[in-house]
Amino acid sequence: MKILVCITHVPDTTSKIQFTENNTKFDKTGVQFIIGPYDDYALARAVELRDQSEGSLTVLNVGEAETEPTLRKALAIGADEAIRINGFPSDSLFVATQIAHYAKEGGYDLILMGRESIDFNGGMVHGMVAEMLGMPSVSPVMKLDLEGDVAKIAREIEGGKEYLEVKLPFVAGCQEPIAEWKIPNMRGIMSARSKPLNVVEPVSDEAATETVGYELPPAKGAVKLIDKDNVEELVNLLQNEAKIL
């Protein structure tokens, strides 16, 4: 079995977010980058499935040279090889186009990625990739087991879970609790240094969208404490100031 896992290179969730150039570019100064948390779940399950099937596991990122340490971490976790498509991930369509073009040539049985990235939270790439490849797409996948060429899936829906069976190949957008995150051990870190990390040029450099600006959420206001017996004032503030009633 050939498995492809697509990962994002995103700021750590504890990073302080700032913008430069009149709020048109993200300021990377002092920011630590990580594998997208949802992608980490996909990678962890892919390692387990690869070990069960004695297949191969490729990890892919669309990004510039700065993302290579993130790919090396994925290799340390258990991927067999890494691919970096050398382009700035300008929007979902650009990223999906690169992934689909590479995956089509690779003939993968299973393509996993996070349900969304945690920087832009678009949640569109898995569906776009599947459409471009003519495959089914399922998201958000919480459980994934394989029986031959059939995947048994549990996914989250409003108010409960849905259980599906899908024939390979297909694309899945994953989330917890599909697997537990894997922490690289020393053996994995050492072996990652010698595993192949290949750079592929993008098939195009055109983006369908353009970012015109970013805006931070408003700062939190001061807390107002209302006497527990003063219900009238509380209702007045909720209605006229907070405007949530």
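Asparagine 22 is located in the loop that connects β3 and β4, where strands (E, at least two residues) and helices (H or I, at least four) are DSSP runs numbered from the N terminus. The model is a predicted one, in which local features require pLDDT of at least 70 and side-chain atom pairs count only at pLDDT 80 or more, whereas totals for chains, interfaces and linings use all residues. Residues are numbered from 1 along each chain as its sequence is written, and side-chain values use heavy atoms, with hydrogens and water left out.

Asparagine 22 adopts a positive phi of about 60° although it is not a glycine. Its relative accessible area of 72% makes asparagine 22 exposed (over 50%; buried is under 20% and partly exposed lies in between, with a 1.4 Å probe and protein chains only). Asparagine 23, in the loop between β3 and β4, likewise has a positive phi, near 60°, but counts as partly exposed at 37% relative accessibility. Most residues other than glycine have a negative phi, and most peptide bonds are trans. Cis peptide bonds join serine 139 to proline 140, with omega about -5°, and leucine 168 to proline 169, with omega about 0°. Proline 140 belongs to strand β9, while proline 169 is in the loop between β11 (160–167) and β12.

The protein chain contains six helices and 13 strands. Of its 245 residues, 39% count as buried. The largest nonpolar core comprises 37 residues, and Val5, Leu112, Leu144 and Phe170 have the most contacts inside it; such a core is a set of buried Ala, Val, Leu, Ile, Met, Phe, Trp, Tyr and Cys residues joined through side-chain atoms within 4.5 Å. Elements giving two or more residues to this core include β1 (2–6), α1 (37–53), α2 (68–77) and β9 (137–147), and α1 gives the most, with eight residues.

Five aromatic pairs occur in the structure, a pair being rings of Phe, Tyr and Trp (its six-membered ring) with centres within 6.5 Å; planes under 30 degrees apart count as stacked, over 60 as edge-to-face and the rest as tilted. Phenylalanine 19 and tyrosine 214 are stacked, at 4.7 Å centre to centre and 5° between the planes. Since phenylalanine 19 lies in strand β3 (residues 19–20) and tyrosine 214 in the loop between β13 (197–200) and α6 (231–240), this pair ties together parts 195 residues apart in sequence. Phenylalanine 19 is partly exposed, at 21% relative accessible area, as is tyrosine 214, at 22%. Tyrosine 214 also forms a tilted pair with phenylalanine 120, at 6.5 Å and 40°. Phenylalanine 120 is exposed, with 58% relative accessibility. Phe19, Phe26, Phe120 and Tyr214 make up one aromatic cluster.

Phe120 is also among the residues closest to the centre of the largest pocket, together with Phe88, Pro89, Ser117 and Asp119; 47 residues line this pocket. A pocket is defined on a 1 Å grid over the protein atoms alone as an open set of points where a 1.4 Å probe fits, with protein on both sides within 12 Å along at least five of seven lines, and lining residues have an atom within 4 Å of a point. The volume of the largest pocket is about 1,300 Å³, taken as the space filled by probe spheres set on the points, which are joined across faces, edges and corners.
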